[in-house]
Amino acid sequence: MKVDVLLGLQWGDEGKGKVVDVLTPNYDVVARFQGGPNAGHTLEFEGQKYVLRSIPSGIFQGDKVNIIGNGVVLDPSLFKAEAEALEASGHPLKERLHISKKAHLILPTHRILDAAYEAQKGDSKVGTTGKGIGPTYTDKVSRNGLRVGDILNNFEEKYATAKGRHEAILKSLNYEYDITELEKQWMEGIEYLKTFHLVDSEHEINNLLKEGKSILCEGAQGTMLDVDFGSYPFVTSSNTICAGACTGLGVGPNKIGDVYGIMKAYCTRVGSGPFPTELFDETGKTIRALGHEYGAVTGRERRCGWIDLVALKYAIMVNGVTKLIMMKSDVLDSFETIKACVAYKMDGQEIDYFPFDIKEGEIEPVYVEMPGWKTDMTRFTSENEFPEEFNAYIDFLETQLETPIKIISIGPDRDQTIVRYAED
């Protein structure tokens, strides 16, 4: 057996949670491979709305194993709040959720350091969520981190050492803070974490593959936020691309099967950083309003723009995407004209590839215009109902991206999902 990978192709917020939930019936296991509670996956079904931050989106399917992999960074207090809310709504987790001992812990001082570093940057700030993600990955790479497995052995001493090192940094920055309540909630989260299955996830996943189990690997954020291949330095601190599934779960590259790339029918971004197709006019505001484009974790307004095919081709290339999934197609239902960026104008030249650096304001998108479909598609149940103009938009995207669009979402509910092709 091979693992299939599902990940975002834009700047995050593409709708990964809903798609994982829709695809989960086809799999035995769902495994999250990177990121932390800065990534909110929103799911809606049976009249309820859920936002998952650390827990895999397959948790709502009762007979599935869900794994938080070693590539994830976990905040015990936020995890406790998220898990208890799910349990209160009737979704038992203890028998469904396994957590890697090698996953790194976000400490209270990591969150304080995150705020301190952002404050120090002033106008050059990255626009982090303030959840301590960057400082935690920094400690991981510098070999100073604490891992989930550490809570089972001599934890108090290890925690005190890490906390002391952070406090020295904060003192050097002259940053004032009060850790009391954060630390109290965090320690309660640690005790709660001990009640779950803490596993050597790399062994578990590979043994499941040997047993013939099917596994879906769930990514967080989006390709253009990858620390290596995204719009650096305005990126997250982990590898959000397909290769991250190998390092974040412990599976070999030869175990990768299908790679599902998720995109919106337009484009959004949260926080700072370049965004070539961003719209500052009424069209951008309309897309935000119709798409309810506000961060699931932060509540911040998302910046909105037309679809960027230059960036998407790049994302498809570095991930080895085999099938595309297009979300929020219904958001564009009312537009007279739809635009798609097919190239950039940069330094007086037109380019069709994603360059080393896309500086804000120095790239001009080159658009192709198409007629809108002016049809409410939210009640459609088959692709046979799609209007001619929407089919033309799909054909144009598939031709440009050289990759088939397998699934199309026409609304937030899991039932508002149309699979276009039969399984290969």
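**Helix α10 and its surroundings**

Reply: In this predicted model, the buried residues of α10 pack against β1 (3–8), β11 (256–264), β14, β15, β16 and α11. Those buried residues are L309, V310, A311, L312, Y314, A315, I316 and N319.

Me: What makes α10 largely enclosed by the rest of the structure?

Reply: Eight of the 11 residues of α10 are buried, so the helix is largely enclosed by the rest of the structure; a residue is called buried when its relative accessible area is under 20%.

Me: Why is α10 called oblique to α11?

Reply: Helix α10 (residues 309–319) and helix α11 (residues 388–401) pack at an angle of about 55°, with their axes 10 Å apart. Because angles under 35 degrees count as roughly parallel and those from 65 to 115 as roughly perpendicular, with over 145 being roughly antiparallel and the rest oblique, the angle of about 55° makes α10 oblique to α11. The crossing of α10 past α11 is right-handed.

Me: Which residues make the contact of α10 with α11, and how do they divide into nonpolar, polar and charged?

Reply: On α10 the contact is made by L309, L312, K313 and I316, and on α11 by F396, L397, Q400 and L401. These residues divide into six nonpolar, one polar and one charged.

**Aromatic pairs**

Me: How many aromatic pairs does a search of the whole structure find, and why is the pair of F79 and Y192 called tilted?

Reply: The search finds 13 aromatic pairs. For F79 and Y192 the ring centres are 6.1 Å apart and the planes make an angle of 50°; since pairing requires centres within 6.5 Å, and planes under 30 degrees apart count as stacked and over 60 as edge-to-face, with the rest tilted, this is a pair and it is tilted. It links distant parts of the chain, with F79 in helix α2 (residues 76–88) and Y192 in helix α6 (residues 180–193), 113 residues apart.

Me: How do you know whether F79 and Y192 are buried or exposed?

Reply: F79 has a relative accessible area of 0% and Y192 one of 9%; because buried means under 20%, F79 is buried and Y192 is buried as well.

Me: Why is the pair of W306 and F335 called edge-to-face?

Reply: The planes of W306 and F335 make an angle of 70°, with the centres 5.9 Å apart, and because planes over 60 degrees apart count as edge-to-face, the pair takes that name. Both W306 and F335 are buried.

Notes: Residues numbered from 1 in each chain as written. Predicted model: local features only at pLDDT ≥ 70, side-chain atom pairs only at ≥ 80, totals over all residues. Heavy atoms only, no water. Axes fitted to C-alpha atoms, helices over the stretch in contact; angles between N-to-C directions. Helix = DSSP H or I, 4+ residues; strand = E, 2+ residues; numbered from the N terminus. Left-handed = near helix turned anticlockwise from the far one by under 90°. Contact = heavy atoms within 4.5 Å. Nonpolar A, V, L, I, M, F, W, Y, C, P; charged D, E, K, R; others polar. Phe/Tyr/Trp six-rings, centres within 6.5 Å; stacked < 30°, edge-to-face > 60°. Buried < 20%, exposed > 50% of the residue type's maximum accessible area, 1.4 Å probe, protein only.
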